[in-house]
Amino acid sequence: MGLDLAGKRVVVVGGGTVAQRRLPRLVAAGARVEVVSPEVTPAVQGIVDAGDAVWHRRRYEAGDLDAAWYVLACTSDPEVNARVTADATAQRVFCVRADVAVQGTAVTPAVGEHDGLLLGVLAGGQHRRSAAVRDGLLSALRDGSLTDQHERFAGVALVGGGPGDPDLITVRGRRLLARADVVVADRLAPQELLDELPQHVEVVDAAKIPYGRAASQEFINTTLVDNAKAGKFVVRLKGGDPYVFGRGFEELIACAEAGVPVTVVPGVTSAFGVPALADVPVTHRGVAHEVVVVSGHVAPDDERSMVDWDALSRLRGTVVILMGVERAGAFAAALRAGRPGDTPVAVVQEGSTRAQRVVRSTLDSLAADVVEHAIRPPAIIVVGPVAGLASELPFRTS
């Protein structure tokens, strides 16, 4: 509403789903919220139990609006709502009537937030229209098609682009990308997003092709620091999440040592997102109580390996192996030391993209299946009972 309700008494008459939606924002505004209703939803009960609101467990009575600054009439009974509105009007207290908005003395706007901006849209009580316009404005602000001149970004943003599908980048990640002067992009970052950038944006290829050409980490760090120090806003666009085998923290350290401010935007990690898209939940009640994500860039017997494969093989839950295609057989053999040979395995290549492929296998068959199906990076290997749950589905979910 644009009202300063901090420390002020607000009365909500009704404890149903409308109250459930409105209470969190009133609480966040610092209002002293009191709910009058014989019953409330579990969510409203939770707000009361947390000490963020007071619940008067009874029907509305005369005098309930005394000393109130703002009132919401949101019961399921139109007669009660009309009486609350009339009482509020008599006491010169603004009142929102949820069932018939135009009969109240105030209307709740469709509200959204964007980087400290509180956006409210009113449409004369036409809730669907105001919500649609709000959503359109927020989307435009977030994707950069509508510019908020107040925004000014500096330094470097480490942005996780998600597993590959451009729709799976976070809202904040997409918004910062739209503000970039320079984008330093990984091979596994959503490439379609680069095509949407304005012509003036410089795109730096930081691809690291498995067993092939790769940009050095020193080159990447220098590119980030030098461009930021030149006054440009730099987005380091990475696949998945910057901190899940993405070397993002190394880049943060390099920037911090050079005095360059850094914003970190987490992403949907392929370790969890890609299996989900292949109907493989990495946890499932009664099936897996732990998930271990392992880097497969070195073999189990390599002296550089920091993984206790013996301990890993004895776990009963889920093992997700990234960058493990070339050594899939070696990883299967290491896990086979403590797990049955028929342990289900799912291999998902190029997950979340149009080229996604899924191969169902077992520990005993993994090495041969990877060769037979010509699996190539990027691919995720999921080992454990959860990898076999898709066979129980009566139909494909996606």
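**Aromatic pairs and their labels**

Student: Why is Tyr243 called partly exposed?

Tutor: Tyr243 has a relative accessible area of 39%. Buried means under 20%, exposed over 50%, and partly exposed in between (1.4 Å probe, protein chains only), so Tyr243 counts as partly exposed. Phe249, at 47% relative accessibility, is partly exposed by that rule too.

Student: What should I know about the model behind these values?

Tutor: This is a predicted model, where local features need pLDDT of at least 70 and side-chain atom pairs count only at pLDDT 80 or more, while totals for chains, interfaces and linings use all residues. Residues are numbered from 1 along each chain as its sequence is written, and side-chain values use heavy atoms, leaving out hydrogens and water.

Student: How many aromatic pairs does the structure hold?

Tutor: There are 2. Rings of Phe, Tyr and Trp (its six-membered ring) pair if their centres lie within 6.5 Å; planes under 30 degrees apart are stacked, over 60 edge-to-face, and the rest tilted.

Student: What makes the pair of Tyr243 and Phe249 edge-to-face?

Tutor: Their ring centres are 5.6 Å apart and the planes stand at 80°, so the pair is edge-to-face.

Student: And why is the pair of Trp309 and Phe331 called stacked?

Tutor: Here the centres lie 5.2 Å apart with the planes at 20°, so this pair is stacked. Trp309 belongs to helix α10 (residues 309-314) and Phe331 to helix α11 (residues 328-336), so the pair ties together parts 22 residues apart in sequence. Helices here are DSSP runs (H or I, at least four residues), numbered from the N terminus.

Student: Are Trp309 and Phe331 buried or exposed?

Tutor: Both Trp309 and Phe331 are buried.

Note on methods:
Helix = DSSP H or I, 4+ residues; strand = E, 2+ residues; numbered from the N terminus.
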